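Below I note what I looked up, entry by entry.

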Number of protein chains: 2
Amino acid sequence: MPSISQRGLKMPPSPIRKLVPYADAAKSRGTKVYHLNIGQPDIATPTQILDAVKHTDMKVLEYSPSAGIETYRKKLVEYYSRNHISLAVSDIIVTTGGSEAIQFAMLCCLDAGDEIIIPEPFYANYNGYANSGGIKVVPIPSGIETGFALPSIEEFEKAITPRTKAIMICNPNNPTGYLYSSEELEVIKQICLKHDLFLMSDEAYREFCYDGRTHISALTIAGLENHAIVLDTISKRYSACGGRVGAFVTKNKELLQTAMKFAQARLSPPTFAQILAEAAVDLPLNYFDEVHAEYTNRRNTLVARLNAMPGVTCPSPGGAFYAMAKLPVEDSEAFCQWLLESFSHNGATLMMAPAAGFYATPGKGKNEVRLAYVLNENDINHAMDCLQIALEQYPGKN
Amino acid sequence: MPSISQRGLKMPPSPIRKLVPYADAAKSRGTKVYHLNIGQPDIATPTQILDAVKHTDMKVLEYSPSAGIETYRKKLVEYYSRNHISLAVSDIIVTTGGSEAIQFAMLCCLDAGDEIIIPEPFYANYNGYANSGGIKVVPIPSGIETGFALPSIEEFEKAITPRTKAIMICNPNNPTGYLYSSEELEVIKQICLKHDLFLMSDEAYREFCYDGRTHISALTIAGLENHAIVLDTISKRYSACGGRVGAFVTKNKELLQTAMKFAQARLSPPTFAQILAEAAVDLPLNYFDEVHAEYTNRRNTLVARLNAMPGVTCPSPGGAFYAMAKLPVEDSEAFCQWLLESFSHNGATLMMAPAAGFYATPGKGKNEVRLAYVLNENDINHAMDCLQIALEQYPGKN
């Protein structure tokens, strides 16, 4: 039997899927499971954009251009401009989800053995793409005690080696919900310029910023035009995760031309979802107001409920739809498994993502969980009832 | 300015796109260009399957499962069974086009520095995926004089080194149209077993076999259950290239589990096109009869016209919708460019793919072109009129 590649064997399994069999078993016992473990929003996809797909009148479902459908790319310029990001059509390559944008960025900027600095905890799939390309992820610490603020400039400097080629941030952050300030982005800018590093900025949650704060895109940092790459997606913005449409955006022409070669090798991004995404740019401008109000209420409820539980700490996230909480347990993975295997309250339990999978440093985040507030407030309250009672009953409590 | 990765710089540009600017210029001068250069079929996508997408009634466009929508995977089992390939649902991962299946196969089977043997000429995008993964493509020669038959067992043996991990074939073949016989597949089987190599079989054109011959899938070769991986796609089968739905299929459980980790890292394949693909399995069984008759006629016309031109040789392809032709010119790329830049007949010209881009060995295929018979017979005849006259007029003729 031929042997699997080392990179195949080393490919990290998704940390949020480890507990899925326990959730399935709970459901088959008739227990209701509140899913706070994954970033699949329950928000309805706007009917106008689903209708755009239904109203297509094509004879042949052709390859789209490798860079994406021209009319959609033009619409994207309009979308970014509305978000105070000034772009040309030629700065944008439409990708198959944000995932492919991450992949293009890593392949274009880093060779095998090169290093990318990422503040931890971070979106676990970055590990998968780094592993595929033989790239070394160098984590620098951010912690719940500072609400997951950007690590200090000293932490960056300590991590830099001759093989460092890029810094990756997710802003607003998955899994922490942290929204970077202009001062923090200034720190990153100085480091990128000093050491000539690419800045990859995953801005999947751009629209989800709370408390009156605004998002600052890496594409608007003056002086970083040749360093900044934005990795974007319509998945969360329009609750359209299954479309698989994202974007690789940079003002660096040489980088864009390089990414185009990867884009041509895979021929084209999916046509139907590009039609949907193009229609999304024409949604009424107040579309996000309602969504925003909904997520704000959910966040407020979730964070208040968590912090009211003895021994639980949850910094209020400034963006995205995730919160990280420290629990009074030794091992949050064992606790999350126990919730699914051995606990129920009024016939229900909840599923959360153990945070250790978002840290690259072994042992970190062991008593933390990530909660995605992708359920309505009523369900969030039910889930928090479960958590509260579970923490009272859990035998492994600190 | 930070520097682009070596793999980015080395990424081969698509050979079929080099001449696109000349085609655009010709069109802007008002010249009609017959596109025989790319495998984008003109066949209408069946309305039943486009309708399946129009009739969806979803509230949220959710991520599909990473392995694909369960009902679609079940339908695929039915599809393969109809093609005499016996599979379980768990043998199939739905991918984003055949492209992603190629990528998964390369990443799961080969590490950087490992080697994959591919008979040349071959589908040029294999180079891109190999380059992304630091994989070395080792070409072995097939030639127009034998109609692009499989290279001899000696050629395989000569190419094998301790780093050889896999053999890749495309059957029926793009770019040559060659359909491998059971005897040829037996040769490949013996080599794979003797040297414990994976066999990657790109079967995008399974339905397009002519002259009463049948396709033999790598999945049906007894004894190769742990070696064979089929890379599949709906793109050509249902004229649905823009859907971006393919499949990675193997009976090797360990390999499939490894590919699942790559599938999870990219979350999911596109939902809309999976709905379309699921409906496609329910098309009337005679759907392919008409398509097949159409392509057979086109092939016969194209091949007859080509071989009737002085100095032109075109072996009749047994499958797919490509033909390779040797032309009485020194440099087919210069000729193809001249066709677009300096030639027209009745206001029209034609675009073909210079074959050198499909060979890995420098200098090979310089007087050959690939023609995709994706136009109706009338257009093919017009295009052949152009070619015939062009060859008479071309100053660089041999």
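**Domains.** I began with chain A and found the centres of its domain 1 and domain 2 to be 26 Å apart, taken over C-alpha atoms. Domain 1 of chain A covers 6-44 + 287-393, and domain 2 covers 59-280. These bounds come from an automatic or database domain assignment. I then looked up the contact, with heavy atoms within 4.5 Å as the cut-off. Domain 1 of chain A gives 38 residues to the contact and domain 2 of chain A gives 32.

**Ground rules.** I note that this is a predicted model, in which local features need pLDDT of at least 70 and side-chain atom pairs count only at pLDDT 80 or more, while totals for chains, interfaces and linings use all residues. Residues are numbered from 1 along each chain as its sequence is written, chains are lettered from A and ligands numbered from 1 in the order in which they are written, and side-chain values use heavy atoms, with hydrogens and water left out.

**Helices 11 and 13, chain A.** Helices here are DSSP runs (H or I, at least four residues), strands are runs of E (at least two), and both are numbered from the N terminus. Helix 11 (residues 287-307) and helix 13 (residues 377-393) of chain A cross at roughly 15°, and their axes come within 10 Å. Axes are lines fitted to C-alpha atoms, for helices over the stretch in contact, and angles run from 0 to 180 degrees between N-to-C directions. Helix 11 and helix 13 of chain A are therefore roughly parallel to each other. Angles under 35 degrees count as roughly parallel, over 145 as roughly antiparallel, 65 to 115 as roughly perpendicular and the rest as oblique.

**Helices 5 and 6, chain B.** I found helix 5 (residues 97-109) and helix 6 (residues 125-132) of chain B packed at about 40°, with axes 10 Å apart. That makes helix 5 of chain B oblique to helix 6 of chain B. The contact uses S99(B), I102(B), Q103(B) and M106(B) from helix 5 of chain B, and Y126(B), Y129(B) and A130(B) from helix 6 of chain B.

**Helices 4 and 10, chain B.** Helix 4 (residues 70-82) and helix 10 (residues 271-280) of chain B pack at about 35°, with axes 9 Å apart. I see T71(B), Y72(B) and K75(B) of helix 4 meeting Q274(B), A277(B) and E278(B) of helix 10.

**Backbone checks.** Which residues does a cis peptide bond join in chain A? They are N174(A) and P175(A), with omega about 20°. P175(A) sits in the loop between strand 5 (164-170) and helix 8 (182-195) of chain A. P172(B) is in the loop between strand 5 (164-170) and helix 8 (182-195) of chain B. Last, L267(A) has phi near 75°, a positive value in a residue other than glycine. L267(A) lies between helix 9 (253-265) and helix 10 (271-280) of chain A, in the loop.
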